[in-house]
Amino acid sequence: MSFSTDFKSEILKKNILESREEKLAFISAVFRQNGSIHIIKKVVNIEVESEFEELIFRLTRELKDLYDFEITIKSKIDPYFKKRINILELPPSATKVIAQDTGMIVYCGDMAVGFSEGNLNEYTDEKLIKAYLLGIAVSSANITVPNLKDEISKIYEGGYSLEMRFYNEYTAYSVMNYFAEYDILLKKVEKTDSFALYIRDSEMISDFMAFFGGSEAVLKINDIMVERLVRNTTNRIKNFELANIDKSVEAGQKQYLAIKLIDEKIGLNSLSDKLRQIALIRLENPDYTLEQIAEEVGGDISKSGINHRFRKIIEIAKTLENKNQ
């Protein structure tokens with residue numbers, strides 16, 4: 001299963017809806033996100049489609065707890081994506097009652113006259129709000145995390161993403177504003193036929209999942225975040241060390257050439273004892289670091305002290321080179 005499916009399965013199991021009102025709030029959200037309503041000659045038909053089988057089963061259970069209607073579950077194969085789609089069908093005798101109870105359809109007597117906007121602000125009780133949001137999350141939340149490409153070296157590819165699609169802009173705004181109170185900042189984008197709320201920040205995605213009690217999913221995403229952080233830190237350290245090695249090699253070559261020039265023009269005996277000592281060590285050991293040369297010299301000489309002497313040698317070489325131009 002995908003990360004998204006695992007997360008939605010977890011929160012479905014952990015969130016038990018107790019009251020009739022909570023169940024209706026959940027059902028309403030699922031119907032609005034994944035349902036389709038057909039009104040033909042005053043007869044209302046409702047279908048809910050989802051490739052997430054556990055959602056259809058949970059929705060069926062909640063409906064059966066509230067109503068004594070026969071529910072039909074079918075499936076079909078999506079010809080384009082080659083995935084199985086699960087379909088919940090309600091009989092016409094049930095749909096009017098459920099549509100009225102969930103507030104999805106506005107009736108004038110026996111006639112359906114329109115659809116309600118489904119604004120989250122219609123709910124004031126926190127339990128009902130969370131039941132409604134649970135329905136939205138399990139119906140439309142699509143979460144992707146970096147994919148482990150190499151188990152041994154812990155190499156991941158891809159990024160973090162959470163997206164929820166809405167067919168009603170008011171619902172999208174109300175959901176976005178509600179989560180903003182918890183510092184979970186969703187961004188909105190308009191699609192061709194819908195609106196999407198999305199997050200690209202891994203910590204906010206983790207907070208979103210924690211809101212619904214998805215502790216296992218939170219642990220998984222945090223493990224990925226830690227492994228990537230450790231690997232990135234290790235890579236930065238390696239790159240820093242390699243850069244220092246390259247810099248040290250380049251400096252050693254520059255010192256070596258300066259010493260050779262002095263030796264050719266005026267001889268190394270022209271240098272002071274201290275300068276001649278490190279010049280001879282460098283000639284014999286072109287790949288030595290400053291620390292290694294300091295160890296060869298002995299005494300209390302430091303790396304910066306050795307570097308200072310080499311700067312003097314390079315200055316002498318530059319002077320000799322300028323005289324010959």
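**Reading strands and salt bridges**

Tutor: Welcome! Let's start at L88, which is placed in strand β4. Keep in mind that this is a predicted model.

Student: Is L88 buried or exposed?

Tutor: L88 counts as buried, because its relative accessibility is 0%. The cut-off for buried is under 20% relative accessible area.

Student: How should I read the strand itself?

Tutor: Here is the general idea: side chains in a regular strand alternate between the two faces of the sheet. In this structure, β4 covers residues 84–89 and pairs with β3, residues 72–77.

Student: In which sense do β3 and β4 pair, and over how many bridges?

Tutor: The sense is antiparallel, with six bridges. As an example, follow S75 across to N86, its bridge partner in β4. The two strands make a hairpin with six residues between them, and in that turn K82 has a positive phi of about 60°.

Student: What about salt bridges?

Tutor: Side chains of opposite charge can pair when their charged atoms come close. The count here comes to 15 salt bridges. One of them joins E10 and K14, with the closest N and O atoms 2.8 Å apart. Both residues belong to helix α1 (residues 3–14), four residues apart, or about one turn of the helix.

Student: What links K303 and E291?

Tutor: Their side chains meet in a salt bridge, 3.6 Å from N to O. This pair links distant parts of the chain, with K303 in helix α11 (residues 303–323) and E291 in helix α10 (residues 290–297), 12 residues apart. K303 is partly exposed at 44% relative accessibility, and E291 is partly exposed at 39%. Elsewhere, salt bridges with shared partners join K23, R58, E62 and D65 into one network.

Student: Which residues form the patch of negative charge on the surface?

Tutor: E21, D125, E126 and E181 gather there. Of these, E181 lies in the loop between α6 (169–180) and β11 (187–190), and E181 counts as exposed because its relative accessibility is 63%.

Definitions and conventions: Residues are numbered from 1 along each chain as its sequence is written. This is a predicted model: local features need pLDDT of at least 70, side-chain atom pairs count only at pLDDT 80 or more; totals for chains, interfaces and linings use all residues. Side-chain values use heavy atoms; hydrogens and water are left out. Two strands pair if DSSP finds at least two bridges between them. Patches are made of residues with over 30% relative accessible area and no salt bridge: like charges are joined within 9 Å, nonpolar side chains (Val, Leu, Ile, Met, Phe, Trp, Tyr) within 5 Å. Accessible areas come from the Shrake-Rupley method with a 1.4 Å probe; for residues, only the protein chains shown count as cover. A salt bridge is a side-chain nitrogen of Lys or Arg within 4 Å of a carboxyl oxygen of Asp or Glu. Lys and Arg count as positive and Asp and Glu as negative; His and the chain ends are not counted. The place of a charge is taken as NZ of Lys, CZ of Arg, CG of Asp or CD of Glu. Buried means under 20% relative accessible area, exposed over 50%, partly exposed in between (1.4 Å probe, protein chains only).
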